[in-house]
Amino acid sequence: MSLPNCPKCGESYTYEDGHLYVCPMCFYEWTEESLKAEEEASILRDSVGNEIYEGADATIIQDLKLGSDTIKRGAKVKGIQILDKEVNGHDIQGKIDGFGNLLLKSSVIKVR
Ligand SMILES: [Zn+2]
């Protein structure tokens, strides 16, 4: 039986220790359950709890001030990208007509 590669570093030296999988390269330990829980926790959700996926289209659910402009509630966001790291509390970016590519918060959108 072949063991799964390490989900952290991708190396294939995984061994089993009781119910745990262990990676000797980066010392990560995991189980099927911990992996699933981690996956679930890493899912980004919109204002109503729907999963946000790469390339999703969405609508803005509240007026957003942007300098002297306002992005109106209901404005469309196209091609959402999930940021690897939050930038000032913004965790996604997407294109809004008339505004271009903007950093946004997952809490102000609703995936369509
Ligand atoms: Zn590893």
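Two strands are taken to pair if DSSP finds at least two bridges between them. By this criterion, strand β8 (residues 90-96) and strand β9 (residues 100-104) pair in the antiparallel sense, over five bridges. The structure is a predicted model, in which local features need pLDDT of at least 70 and side-chain atom pairs count only at pLDDT 80 or more, whereas totals for chains, interfaces and linings use all residues. Residues are numbered from 1 along each chain as its sequence is written, and side-chain values use heavy atoms, with hydrogens and water left out.

The chain contains one helix and 10 strands; helices (H or I, at least four residues) and strands (E, at least two) are DSSP runs, numbered from the N terminus. From the N terminus on, the order of elements is β-β-β-α-β-β-β-β-β-β-β. Along the principal axes, the C-alpha atoms fill a box of roughly 60 × 25 × 20 Å. Of the 112 residues, 28% count as buried, where buried means under 20% relative accessible area, exposed over 50%, and partly exposed in between (1.4 Å probe, protein chains only).

A zinc ion has as its protein donors the SG atoms of Cys6, Cys9, Cys23 and Cys26, lying 2.3 Å from the ion. Donors are N, O and S atoms within 2.8 Å of the metal (3.2 Å for Na, K and Ca); water is not among the atoms, so sites may look incomplete. The arrangement is tetrahedral because the four donor atoms subtend angles of 107 to 114° around the zinc ion; four donors count as tetrahedral if all angles lie between 85 and 135 degrees. Along the chain, the donors follow the spacing C-x2-C-x13-C-x2-C. Cys6 lies in the segment before β1 (15-17) and Cys23 in the loop between β2 (20-22) and β3 (29-30), so the pair ties together parts that are 17 residues apart in sequence. Both Cys6 and Cys23 are buried.

Strands β1, β2 and β3 form, in that order, an open antiparallel sheet, with β1 and β3 as the edge strands, each pairing on one side only. Three bridges join β1 to β2, and Asp17 stands opposite Leu20 in β2.

Ile52 is located in the loop between α1 (32-42) and β4 and is buried, with a relative accessible area of 3%. Apart from residues up to four places away in sequence, its contacts (heavy atoms within 4.5 Å) include Leu44, Ile80, Ile92, Ile109 and Val111. Ile52 and Lys110 are 58 residues apart in sequence, with a C-alpha to C-alpha distance of 8.7 Å. Thr59, in strand β4 (residues 58-60), counts as buried at 17% relative accessibility. Beyond neighbours within four places in sequence, Thr59 is in contact with residues including Gly74, Lys76, Val108 and Lys110.

Technical notes. Tetrahedral: all angles 85-135°; square planar, octahedral: opposite > 155°, others 65-115°.
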